[in-house]
Amino acid sequence: MGPEVRVFLPVAHAPSALPAERRGRGAAQRSMAGGGAGMGTDSGPGSGPGPGPAGQNVEPAAPERVLFPPTFSVSEIKNKQRRHFMFLRWKQQQRKEKLALKKKRRKEREALGDKAPPKAIPKTIENQRIYDETTVDPNDEERTVRFCEQLSTVIPNSHVYYRRGLALKRIIPQCIARDFTDLIVINEDRKIPNGLVLSHLPDGPTAHFRMSSVRLRKEIKRKGKEPTEHVPEVILNNFTTRLGHSIGRMFASLFPHDPQFIGRQVATFHNQRDYIFFRFHRYIFKSEKKVGIQELGPRFTLKLRSLQKGTFDSKFGEYEWIHKRREMDTSRRKFHL
């Protein structure tokens, strides 16, 4: 065994209460104790940590490691250089922990394979922005164009053309020269379809509708596949007055009168309280009494505003019917279609 090391703990006394000789001897003993402790740690192979003051073993010093308390704040350090040094070490520790966590998640995703959960989207100021009602969706800029394209798949032998600011008086003669039977003009306000003009060629009449509740195919839940090129069937429901019959015949003239039943597609114009609801479905017979339907889209709602004789002429045209709210809507139980 190595030599025994004794650590002397001098009792604290006031310097003036002890003689100079004892004060010097105590200082010498403390220096010898420090030197002996150093020699004791470097003794032979059988030596170990010596007994402490209360019989405890003195463990060797562990390697230096930075451990920050849970509520550590660099701002509490008053020394500027020390504060900067501790801040850099704190940032380095945070970076190591982040890299270790990222490496752990990557290994877990590789182990799970296709069953791994989707990556989390980091929260930023941009995606946490407060919603603004005036924000314009980029998809809304082409909403009217998409609606016209989808409507052309419902009406057979129809074509979509950009108006390019041309007046209807110049468009109608061109349509008649190309043997078109009807002209449909879709109006929009702030990139949202809000009006429809239907003119039967070449002699009219012309109807002007207010359009609302437009839903494209991608916005319809549980929608079916794309419609086929078969001529659909047409259902006109609840058009009872003479004005209603005129509007119903205008809608019916958009479709050929020989539907192809093999396509199992049907276009419905349903009138309810002078609101015309359009739906486009595909049906299938499940049994002799049960029929399953699946909406294909698009869908929209029309409200008749005026009916004009002849083709469109806003200045000299003769109107057959004009909706005047204050004069006609005197009773909630009175309807015109």
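This is a predicted model: local features need pLDDT of at least 70, side-chain atom pairs count only at pLDDT 80 or more; totals for chains, interfaces and linings use all residues.
Student: What makes the contact between Arg 143 and Glu 219 a salt bridge?

Tutor: Their closest N and O atoms are 2.6 Å apart. The cut-off is 4 Å between a side-chain nitrogen of Lys or Arg and a carboxyl oxygen of Asp or Glu. The pair is therefore a salt bridge.

Student: Where in the chain do the two partners sit?

Tutor: Arg 143 is in helix H3, residues 143-154. Glu 219 is in the loop between strand S3 (206-215) and strand S4 (233-237). They are 76 residues apart, so the pair links distant parts of the chain.

Student: Why is Arg 143 called buried?

Tutor: Its relative accessibility is 12%. Buried means under 20%, so Arg 143 counts as buried.

Student: What makes Arg 146 and Glu 149 a pair?

Tutor: The closest N and O atoms are 3.5 Å apart. The limit is 4 Å, so this is a salt bridge. Both residues are in helix H3, 3 residues apart, which means they are separated by about one helical turn. Arg 146 is partly exposed at 34% relative accessibility, and Glu 149 is partly exposed at 36%.

Student: Which residues form a network there?

Tutor: Salt bridges link Glu 142, Arg 146 and Glu 149.

Student: How do you know that Glu 318 and Lys 309 qualify?

Tutor: The N to O distance is 3.6 Å. That is within 4 Å, so the side chains meet in a salt bridge. Lys 309 is partly exposed, at 44% relative accessibility.

Student: How many salt bridges does the whole structure hold?

Tutor: The search finds 7.

Student: What makes a group of residues the largest nonpolar core?

Tutor: The members must be buried nonpolar residues joined through side-chain atoms within 4.5 Å. The largest such set has 33 residues. Those with the most contacts inside it are Phe 209, Ile 247, Phe 251 and Ile 276. Elements that each supply at least two residues include H3, helix H5 (242-252) and strand S6 (275-285). Apart from this core lies another, of 8 residues, among them Ile 171 and Val 197.

Student: Which residues does Ile 276 touch?

Tutor: Leaving out residues up to four places away in sequence, its contacts include Phe 209, Phe 239, Ile 247, Phe 251 and Leu 337.

Student: Why is Phe 285 called exposed?

Tutor: Phe 285 has 58% relative accessibility. Exposed means over 50%, so the label holds. Phe 285 is in strand S6. With Val 291 and Ile 293, Phe 285 makes a nonpolar surface patch of about 330 Å².

Student: What is the pLDDT of the chain?

Tutor: The average is 82, and 77% of the residues score at least 70. Over residues 5-50 the pLDDT is below 50. Beyond near neighbours in sequence, that stretch has 17 contacts in the model.

Student: What is the overall makeup of the chain?

Tutor: The chain has 6 helices and 9 strands. Of its 337 residues, 27% are buried.

Note on methods: Residues are numbered from 1 along each chain as its sequence is written. Side-chain values use heavy atoms; hydrogens and water are left out. Helices (H or I, at least four residues) and strands (E, at least two) are DSSP runs, numbered from the N terminus. Buried means under 20% relative accessible area, exposed over 50%, partly exposed in between (1.4 Å probe, protein chains only). Contact means heavy atoms within 4.5 Å. Patches are made of residues with over 30% relative accessible area and no salt bridge: like charges are joined within 9 Å, nonpolar side chains (Val, Leu, Ile, Met, Phe, Trp, Tyr) within 5 Å. Accessible areas come from the Shrake-Rupley method with a 1.4 Å probe; for residues, only the protein chains shown count as cover. pLDDT is the predictor's confidence in each residue, from 0 to 100.
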